[in-house]
Amino acid sequence: MMESIKNNRDFLTIYKTGRSYANKYLVMYLAPAQEGCNGRIGISVSKKVGNSVVRHRTKRLIKESYRLNLNRFQSGYDIIVVARKDAKGKSYSEIESALLHLARLHKILLPKQ
């Protein structure tokens, strides 16, 4: 099941303690999850990306890319994905490949089953 990071304190902790990698469309922060937790995901899309419609669409694309590839992500990590300005108007496949690319850099992507 996909659990999300909701409160600001968790976001700030992961920003401070986590490692980050970035590509053209996304930035991914990664930190070990708390004891007894499988890991969570938080998605942040700032106003720089566009109006609320654009931001919400971008957020949905990231969330769906993560959900459909959930079995490929190593559990036990809290992940924050931040959309960059260039993510505006990108297709699902572009966002998905950017997300998987960052997971590969973090070495948390398991091979396809």
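Me: In what order do the 4 strands of the open sheet lie?

Reply: Strands of a sheet pair through backbone hydrogen bonds, and this pairing may be parallel or antiparallel. In this predicted model, the order is β1-β2-β4-β3, and the pairing is mixed.

Me: Which strands does helix α2 lie across?

Reply: Helix α2 (residues 52-68) lies across β2 (26-32), β3 and β4, and runs at about 155° to β3. Helix α3 (residues 92-105) also packs on the sheet, where it touches β1, β2 and β4. The direction of α3 makes about 40° with that of β2.

Me: Which residues of the largest nonpolar core touch the most other members?

Reply: That core has 24 residues, and those touching the most other members are Leu26, Phe73 and Ile79. At least two residues come from each of β2, β3, α2, β4 and α3. The greatest contribution is that of α3, with 6 residues.

Me: With which residues is Phe73 in contact, leaving aside its neighbours within four places in sequence?

Reply: The contacts of Phe73 beyond those neighbours are Met28, Tyr66, Ile79, Leu99, Leu100, Ala103, Ile108 and Leu110. A second, separate core has 7 residues, among them Ile5, Phe11, Val27 and Val82.

Conventions. Residues are numbered from 1 along each chain as its sequence is written. This is a predicted model: local features need pLDDT of at least 70, side-chain atom pairs count only at pLDDT 80 or more; totals for chains, interfaces and linings use all residues. Side-chain values use heavy atoms; hydrogens and water are left out. Two strands pair if DSSP finds at least two bridges between them. Contact means heavy atoms within 4.5 Å. Axes are lines fitted to C-alpha atoms, for helices over the stretch in contact, and angles run from 0 to 180 degrees between N-to-C directions. A nonpolar core is a set of buried Ala, Val, Leu, Ile, Met, Phe, Trp, Tyr and Cys residues joined through side-chain atoms within 4.5 Å. Buried means under 20% relative accessible area, exposed over 50%, partly exposed in between (1.4 Å probe, protein chains only).
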